[in-house]
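The exercises below ask you to work from a set of coordinates to a short account of fold and side-chain pairing. Try each task before reading its solution.

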Amino acid sequence: VLDFGTPDPADDLTVQPGTTQFGGSISLAIAGFTTLSGNFGVEKETVGSTTKIKLAATNVNAFLGSNPDNLANTGDEVGAQISNARLGAVLYRTSAGNSYAIDAAGTAALVGIDGLTLSGSLSARINTTGGAVSETITVPGGAPVQVSFAADEDDAVFSGTVTADAAGFASLSGGFSISKSSDRLKIAAAGVTAFVGAGDTGLRLTDGSLGVIVNTSSKKFAMVAGGTIALEGVSGFSLSGSGAVRINKLGAIVDEVITTPAGDVRVKFDTDAEVLQLRGSASMTIADFISGSATLNVEKTTLGDTTTLMVQASEVTAFLGAGASTADAADDMGVRLVNGGLDLRVQKNTATNTSTYAFGARGTIELVGISSITASGTIVAQKSTAAAATVLDFGTPDPADDLTVQPGTTQFGGS
């Protein structure tokens with residue numbers, strides 16, 4: 001216990017055996033370009049054959065850009081501002097080699113740029129020790145910094161949130177995560193919202209998400225992405241829809257959950273087949289005259305020498321006439337298509353360089369809203385060049401809706 005020759009025990013400093021420590025606070029300004037302030041601490045500790053070097057910093061504020069008066073928050077800064085950052089790092093040296101654990105976090109923003117705002121929170125966690133870490137680092141003038149990792153927490157993870165706006169024309173917000181293990185790179189974004197347009201007129205994305213798993217050895221990947229999109233503020237024209245993209249080129253079954261500050265993203269494929277799939281739904285109305293909606297599914301799978309392309313449209317509705325913009329069908333006058341569907345299956349064998357297909361389409365058409373005149377009918381079209389019967393399900397789960405197309409069939413009919 002060192003009392004520095006003063007009678008007040010509050011000023012005493014207790015020095016532990018084998019400890020070497022250095023720390024304090026810093027304030028730095030360089031030529032109107034960079035400023036830095038914060039508290040820091042450095043410790044060296046030797047226990048047996050293990051030497052630890054601990055680095056920590058708290059209350060870190062930094063600026064990189066133009067700052068003519070070298071003072072913070074005076075309104076003349078143009079550049080990148082880092083605020084309330086924290087760093088904890090432990091370096092281990094043993095007879096077996098060197099390793100480290102790092103935990104850092106803070107917020108960052110662009111300042112002083114007219115029409116452009118960008119801000120977000122960032123964190124980074126890396127543990128190369130191969131085991132659990134639990135260290136406390138003293139920072140003179142600041143709170144102690146904890147560096148803590150579970151035994152199985154060995155991925156390097158960089159994550160955060162971001163919010164951006166460019167002159168009221170484009171905006172973006174969401175959470176993200178990037179992590180790296182021995183042979184896996186994982187990238188995810190969740191809670192993504194975006195807008196492109198002017199004022200209240202433009203295209204808006206909501207509930208956006210992205211998940212990517214990359215095998216860094218083979219350089220192959222699996223990906224899922226989705227969201228909802230809508231056109232806003234255009235009088236007499238509405239367009240909205242949701243969609244999802246699924247791709248698996250890893251050649252393996254995948255089931256991974258990636259955590260982001262805005263929620264989890266799951267990347268899941270139940271088979272090792274190569275998959276490229278686009279699935280979604282859309283609806284549209286134009287000037288009280290045309291309306292339509294459909295659910296779409298496009299999928300490409302490859303297994304061995306056989307590649308299958310599937311294009312489906314289900315729950316297809318369309319209307320041409322007056323009253324299209326209202327939900328009440330009683331005021332409609334025109335031609336309506338309901339229960340429409342399309343299913344196309346194309347198969348190619350790369351070994352024999354041959355291709356076959358099976359196709360089906362159906363729907364009900366009716367004339368509505370014309371007094372004393374009624375007209376309605378159903379149509380079915382099918383064709384197949386496949387060698388075996390093909391069952392088309394039109395993207396619906398009910399087997400009662402399936403259509404079996406026989407080999408060599410070309411048929412069109414209805415009532």
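**Exercise 1.** What percentage of the 415 residues of the protein chain count as buried?

*Solution.* The model is a predicted one, in which local features need pLDDT of at least 70 and side-chain atom pairs count only at pLDDT 80 or more, while totals for chains, interfaces and linings use all residues. Residues are numbered from 1 along each chain as its sequence is written, and side-chain values use heavy atoms, with hydrogens and water left out. Burial is judged by relative accessible area (buried under 20%, exposed over 50%, partly exposed in between, with a 1.4 Å probe and protein chains only). By that criterion, 30% of the 415 residues are buried.

**Exercise 2.** Describe the secondary structure and the overall extent of the protein chain.

*Solution.* Begin with the DSSP runs (helices are H or I of at least four residues, strands are E of at least two, numbered from the N terminus); the protein chain has 25 strands and zero helices. Finally, along the principal axes, the C-alpha atoms fill a box of roughly 110 × 55 × 35 Å.

**Exercise 3.** Which two arginines form salt bridges with Asp 103?

*Solution.* Apply the salt-bridge rule (a side-chain nitrogen of Lys or Arg within 4 Å of a carboxyl oxygen of Asp or Glu), which gives a count of 15. One partner of Asp 103 is Arg 86, at 3.7 Å from N to O; this pair links strand E5 (residues 97-111), which holds Asp 103, to strand E4 (residues 78-94), which holds Arg 86, across 17 residues. Asp 103 is buried at 10% relative accessibility, whereas Arg 86, at 29%, is partly exposed. The other partner is Arg 125, with an N to O distance of 2.8 Å, and here strand E5 is linked to strand E6 (residues 116-127), the two residues being 22 apart.

**Exercise 4.** Locate the salt bridge between Glu 232 and Arg 204, and describe its setting.

*Solution.* The N to O distance is 3.1 Å. Glu 232 lies in strand E13 (residues 220-232) and Arg 204 in strand E12 (residues 201-215), so the bridge ties together parts 28 residues apart in sequence. Glu 232 is partly exposed at 26%, and Arg 204 is likewise partly exposed, at 31%. Elsewhere, salt bridges with shared partners join Glu 45, Lys 52, Lys 54 and Glu 135 into one network.
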